[in-house]
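Student: Could you take me through one part of this model in detail? I would like to look closely at a single helix and its surroundings.

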Amino acid sequence: IGGIVAAFNRQYPDISISLEVQPSQRVPEYIASGVCDVGISTVSIDHSAIVSRSVLHGQSECIVPLGHRLSKKKKIVPKDLKNETFISYMPDSIYRHKVDAVFASSNVSRQLMLSARTTEAIFQMVASGLGVSIIGPSFPQMNFRPGIASIPFQPAIHGDLALLYLDHRPLSMVAERFVDMTEAYIKSALSKRKPSGPRGRKSGR
């Protein structure tokens, strides 16, 4: 989201911006209470007072360090990750529960030693060689990090990246502009993506 905030700040340098990071299931609370004008979520939101505007539909991907034994595979299935050190989302994450359910139904054990709140933090941990992970839909450029290979995971865990805002209160002009810029930013990034398969690049060392 840093690129979006930077672009918005260049266009509206006098507007203050505050970024609050919370579990996706808590985002509606922050929107409904007026704490935040706009939210971003990767899980389905069912709230009568909130508009959920999908900006990206995608599925799960496995991310591993470049050079990992799985980094050249065309797809990853649960058994490929047996006994791997796995970096999870935090225990209160809905997406974590979905991922755990897939591995439980496949009767595949992982080494659940590490967890993080955000996808950004998980990317950094994987790039550092601490383990592997399964992520959901995210800002497109995130899947092309130095030191990481991103590979489709099956069975797919589908989901949306959605912008959230109150239904009964019109967005301010500035908030509406932020929503539009976010959607345009994601569409632009998607148009630059390469065909599916193992993705990643080496760090500039």
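Tutor: Gladly! Let me start with a term: two residues are in contact when they have heavy atoms within 4.5 Å of each other. Please keep in mind that this is a predicted model.

The protein chain has five helices and nine strands, arranged along the sequence as α-α-β-β-β-β-α-β-α-β-β-β-α-β. Of its 205 residues, 42% are buried. Among contacts between residues at least 6 apart in sequence, 77% join residues at least 24 apart.

Now to helix 4, which spans residues 119-127. Its buried residues are Thr 119, Ile 122, Phe 123, Met 125 and Val 126. They lie on the same side of helix 4, because the arc they cover around the axis is only 165°. What do these buried residues pack against? Their partners are strand 3 (61-65), strand 4 (85-89), strand 5 (111-116), strand 6 (133-135) and strand 7 (148-152). Just after helix 4 comes Gly 129, with a positive phi of about 85°.

Ile 122 is one of the buried residues of helix 4.

Phe 103 and Phe 153 make a stacked pair, 5.8 Å centre to centre and with 25° between the planes. This pair links distant parts of the chain, since Phe 103 is in helix 3 (residues 94-105) and Phe 153 is in the loop between strand 7 and strand 8 (159-166), 50 residues apart. Phe 103 is buried, with a relative accessible area of 1%, and Phe 153 is buried at 0%.

Finally, have a look at Arg 110. Its charged end sits over the ring of Phe 103, 4.1 Å from the centre, and also over the ring of Phe 86, 4.5 Å from the centre.

Terms used. Residues are numbered from 1 along each chain as its sequence is written. This is a predicted model: local features need pLDDT of at least 70, side-chain atom pairs count only at pLDDT 80 or more; totals for chains, interfaces and linings use all residues. Side-chain values use heavy atoms; hydrogens and water are left out. Buried means under 20% relative accessible area, exposed over 50%, partly exposed in between (1.4 Å probe, protein chains only). Helices (H or I, at least four residues) and strands (E, at least two) are DSSP runs, numbered from the N terminus. The arc is that of the directions from the helix axis to the C-beta atoms. Rings of Phe, Tyr and Trp (its six-membered ring) pair if their centres lie within 6.5 Å; planes under 30 degrees apart count as stacked, over 60 as edge-to-face and the rest as tilted. A charge sits over a ring if NZ of Lys or CZ of Arg is within 6 Å of the ring centre and within 35 degrees of the ring normal.
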